[in-house]
Amino acid sequence: MKPSCYFLAVTWSDSPVSTHYRALGEELARRGHQIVFIVDKQNKQVENHESNPAVYSWPSSRPTKLKDALFLRRLIKQYKPECVMGAFGSANLVLLVGWWMRVPNRVACYLTLADQLKVGSSLNRLKLRILQLRKKLIYTLATHIVPNSAAGSTDVQKVYGVPSKKCNVLYLSLPDPKPELGELTISEERNGLICVGRLHPAKGQDVLLRAIAKLKDQFPETIFEFVGDGPCKDECLRLAKELGIEDRCRFVGFLPLDEVIRRMAASAVSVVPSRSECFGLVNIESLAVGTPVVASNVGGISEIFDDGEEGFLVPPDDPEMLAMRLAEILSNPQLRHEMSDKAQLRFQRFEQKNVVNDQVNWLESLEQKTMANVSL
């Protein structure tokens, strides 16, 4: 097909989300399209205006100002893209300026459920309502909304009134880590537990700490590792001390993605105790390295793996059930082996090359539809 130009205004960091969108842009470029990434200002050192993909950074730390709109308008005039896609903080501006400049395809990535924004938020109801109404108005300017789960698709339709015909689920993905890690096996040495995620009320680390308190006598040698930083770190440390499990819990802070994957591959169980989750890429990371998952049955998590097969789904905010399921896996090596094998097979559904190829096909189809409509 005729080469087109695509703008991807996405996050640029050492994270699975960034890895997915970079792979998407690189595959589009490999097929002959011109790709322009617009990334966070703090990543200005990655700018490269002459390459394909080209990389620019926003003028502001958060793209919400007039100078950001004028900057995007200038780039659109220069490159004349057929499609602009925005994620996270850039989505509003990308849709607004894209509509203003009459870009044919304006795509918003929907990666966070509406109730996730409320959990632990300092904003009052009125402010949250105003933000919701603003987002509802902005979404009318989109030609397509791409949630990263069916749960996200339902949420954006219910909360923001987006028509179902505008929604198309595009799962996030992960490159297969096995070439770097080698063959993965579940051994008796894999007896630790890992929880990866921002330390935030929506992620439910406090629920896991209460579950650990119920397990400490049954599994006296097991270490429980928490990877990530966030506003609830002091609260988690205080709760661990109150529960008498501070010597069993390690809060290691932020780690590079490759180190997260290695630690996950060395763990017996990965825990995702979220109170709300649109998708949860950490579940994919666990499947990729054959680590059984025990996760809250919320949002899009149940779309990733099946209860009792690659792990267990439990009700959110239920430390009793969480502890019971963790004990079931930790005490049963045979079950861990079976779940590990199933997890690695399940991962193929989210392997990056397969997922990105399908999503690029979809993006290319938007341009074909636009051209067909113009010719009518």
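**The largest cavity**

Begin by selecting the lining of the largest cavity, which divides into ten nonpolar, three polar and no charged residues. In these classes, Ala, Val, Leu, Ile, Met, Phe, Trp, Tyr, Cys and Pro count as nonpolar, Asp, Glu, Lys and Arg as charged, and the others, Gly among them, as polar. The structure is a predicted model, in which local features need pLDDT of at least 70 and side-chain atom pairs count only at pLDDT 80 or more, while totals for chains, interfaces and linings use all residues. Residues are numbered from 1 along each chain as its sequence is written, and side-chain values use heavy atoms, with hydrogens and water left out.

The count comes to one cavity of 30 Å³ or more. A cavity is a set of points, on a 1 Å grid over the protein atoms alone, where a 1.4 Å probe fits but cannot get out; a pocket is an open set with protein on both sides within 12 Å along at least five of seven lines; lining residues have an atom within 4 Å of a point. Grid points are joined across faces, edges and corners, and a volume is the space filled by probe spheres set on the points.

The largest cavity holds about 60 Å³ of space. Of its 13 lining residues, select Y21, C109, V146, L170 and Q359, the closest to its centre. Next colour helix 1 (16–30) and strand 6 (144–147), each of which supplies at least two residues of this lining. Helix 1 gives the most, with three residues. Helices (H or I, at least four residues) and strands (E, at least two) are DSSP runs, numbered from the N terminus.

**The second largest pocket**

Helix 6 (178–181) and helix 9 each supply at least two residues of its lining, and helix 9 gives the most, with four. By class, the lining has eight nonpolar, one polar and five charged residues.

Axes are lines fitted to C-alpha atoms, for helices over the stretch in contact, and angles run from 0 to 180 degrees between N-to-C directions.

To show the contact (heavy atoms within 4.5 Å), select L257, V260, I261 and M264 of helix 9 with V282, E285 and S286 of helix 10. These comprise five nonpolar, one polar and one charged residues.

**Helix 2 against helix 3**

Select helix 2 (residues 66–79) and helix 3 (residues 91–100), which pack at an angle of about 50 degrees with their axes 10 Å apart. That angle makes helix 2 oblique to helix 3. On the helix 2 side, the contact is made by D68, A69, L72, R73 and I76, and on the helix 3 side by L93, V94, V97, G98 and W100. Seven of the residues in this contact are nonpolar, one is polar and two are charged.

**Two loops**

From helix 2, proceed to K80, in the loop between helix 2 and strand 4 (83–86). K80 has a positive phi of about 55 degrees although it is not a glycine.

Finish at P53, in the loop between strand 2 (34–39) and strand 3 (54–57). A cis peptide bond, with omega of about 10 degrees, joins N52 and P53.

Definitions and conventions:
Parallel < 35°, antiparallel > 145°, perpendicular 65-115°, else oblique.
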